[in-house]
Amino acid sequence: MYLPPHDPHVDDPMRFKPLFRIHLMERKCATVECMYGHKGPHNGHIQIVKKDEFSTKCNQTDHHRMSGGRQEEFRTWLREEWGRTLEDIFHEHMQELILMKFIYTSQYDNCLTYRRIYLPPSSPDDLIKPGLFKGTYGSHGLEIVMLSFHGKKAKGTKITGDPNIPAGQQTVEIDLAHPLQLPDIENLRDFSELSRIVLEVQEQVRREEQEQEHQQEEEDCSQQAASQPAAKPLGGEGAEGEETAAGAAGTTQDKAPASQPFVLPMGVISRNEDYPRTCRICFYGTGLIAGHGFTSPERTPGVFVLFDDDRFGFIWLELKSFSLYSRIKVSFQNAEAPSREAFDEMLKNIQSLAT
């Protein structure tokens, strides 16, 4: 398991934690060992579920228990996962969230399902190289997000989740067709000034979407009224492709502008105060927020801030908070790890032996 660094140090390297291992013996014999807990390796099981998916099961979960009971297990988990003790956490809401995460993760006892992650394709027109990033999420700590580009949009999808927004959800969406011109550094400190700029762009985006919907309705009515199939209108796929290409070209031109000073407005909370003080470009975007259990989800306006090729930020306007993201640069392999093909073949051998 690759774990993010301790909150809020997004630039620190990922942490590595073995969860299971496979021994291939002579005569096509294989054994699986669970590495979870602090009592050493013990008996486990692996099963192929379907393509790009397998599950692990611990057959001796008593090896995960500690002599001091759940309290000792929680304190040990807190020290390893968060790099702090219970006495270090004064905020009551944060204590509640951390306890919820411990209860949620510990109940599985390393009986987990794994699915392969396919990284997004890269294009020369992309603002920066897509990939995986570590990001700060307030009291939830650090989470992993996958950044991908889709024409005039960029999306940040959660690879790891929390009690509010689960994994797989689109945490941020960036509108590359609407760059933001930040005020000078003194006016940028005024949250109301930044809020005014963002809300003006939000209203502009809303009007453009309404115009596009109205135009699409008129085109649909015209096509239904025609007795013979008509040629594609100017607003059809060809024109849309040209617009997308033009938007991408415009984005490419803005990829490396002169850096401008950047500072968070007064009142905006950041877990990491060590964010860059210059940025390349900013765009209008939306961020997904919800209550516990992913209740009442809604997209709210915000600001995407590109710092450099490996770091970006997002200002959540409604929450008055700031998330800082840093690229994950590890190759997700170590010296003893098999190749993807070898690992797939290994799983097939274990499955055939089990049956």
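Which residue in β16 does I289 stand opposite? In the predicted model shown here, I289 stands opposite E298. Local features need pLDDT of at least 70, side-chain atom pairs count only at pLDDT 80 or more, and totals for chains, interfaces and linings use all residues of this predicted model. Residues are numbered from 1 along each chain as its sequence is written, and side-chain values use heavy atoms, with hydrogens and water left out.

**View 1. Strands β15 and β16 run antiparallel.** Strand β15 covers residues 281-291 and is joined to β16 by ten bridges. Strands here are DSSP runs of E with at least two residues, and helices are runs of H or I with at least four residues, numbered from the N terminus. Two strands pair if DSSP finds at least two bridges between them. The hairpin of β15 and β16 has three residues between the strands, and G293 takes a positive phi near 80 degrees there.

**View 2. Strand β17 is joined by bridges to β16 and to β18.** Six bridges connect β16 (residues 295-308) with β17, and these strands run antiparallel. Their hairpin has two residues between the strands. D308 has R311 in β17 as its bridge partner, and V305 stands opposite G313. On the β18 side, G313 is the bridge partner of L324. Strand β18 (residues 321-327) is antiparallel to β17, again with six bridges. Four residues lie between β17 and β18 in their hairpin, and K320 in the turn has a positive phi of about 50 degrees. Strand β17 (residues 311-316) is mostly covered, with five of its six residues buried. Buried means under 20% relative accessible area, exposed over 50%, and partly exposed in between (1.4 Å probe, protein chains only).

**View 3. Helices α1 and α2 cross at roughly 105 degrees.** The axes of α1 (residues 69-82) and α2 (residues 92-106) come within 11 Å. Axes are lines fitted to C-alpha atoms, for helices over the stretch in contact, and angles run from 0 to 180 degrees between N-to-C directions. The two helices are therefore roughly perpendicular to each other. Angles of 65 to 115 degrees count as roughly perpendicular, under 35 as roughly parallel, over 145 as roughly antiparallel and the rest as oblique. Residues of α1 that meet α2 include F74, W77 and L78, and those of α2 that meet α1 include I98, L99 and F102.

**View 4. Q260 is found in strand β12.** Q260 counts as buried because its relative accessibility is 19%. Leaving aside neighbours within four places in sequence, Q260 is in contact (heavy atoms within 4.5 Å) with residues including L182, R277 and I281.
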